[in-house]
Amino acid sequence: PFPSHVYKILPPSAWQSCQGQERLSLGADDADFIHLAEPDQVARIAAKFFAGEPRVIVVELDSTKLPGRLVHEANPGGATLYYHLYEGYLPFGAVTGVKTVENH
């Protein structure tokens, strides 16, 4: 069973650029599939992949409103499981919460 919510971490500039759009703006790292996180993974992912950002935007998404195929799997060569969305996108209609988080 999938969690009711998954999380997308964005730099503030990406969050600002997608305001007024139908879907969240994503970078090149999400070209093959969209990287998502569980609550306990957010701080670690933000620190590792957004090290140059003093703050990040954490977007809470209703997983039942995500078009595409949500898969719980490890990254190549890894053991930790993450949620990845294939053949889909992140519509603003799936957003249930947004918060700015200090990135340490």
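**Exercise 1.** Determine which residues of helix α2 (residues 42-49) are buried, and where they lie around the axis.

*Solution.* Step 1: the buried residues of α2 are V42, I45 and A46, where buried means under 20% relative accessible area and exposed over 50%, with partly exposed in between (1.4 Å probe, protein chains only). Helices (H or I, at least four residues) and strands (E, at least two) are DSSP runs, numbered from the N terminus.

Step 2: these residues cover an arc of only 100° around the axis, so they sit on the same side of α2; the arc is that of the directions from the helix axis to the C-beta atoms. An α-helix has 3.6 residues a turn, so residues three or four places apart point the same way.

Step 3: A43 and K48, on the other side of α2, are exposed.

The model is predicted: local features need pLDDT of at least 70, side-chain atom pairs count only at pLDDT 80 or more, and totals for chains, interfaces and linings use all residues. Residues are numbered from 1 along each chain as its sequence is written, and side-chain values use heavy atoms, leaving out hydrogens and water.

**Exercise 2.** Describe the open sheet that three strands form.

*Solution.* Step 1: the strand order is β1-β3-β6, with antiparallel pairing; two strands pair if DSSP finds at least two bridges between them.

Step 2: β1 and β6 (95-102) stand at the edges with a single partner strand each, so one side of each has no neighbour in the sheet.

Step 3: β1 and β3 pair over six bridges, and L61 in β3 is the bridge partner of V6.
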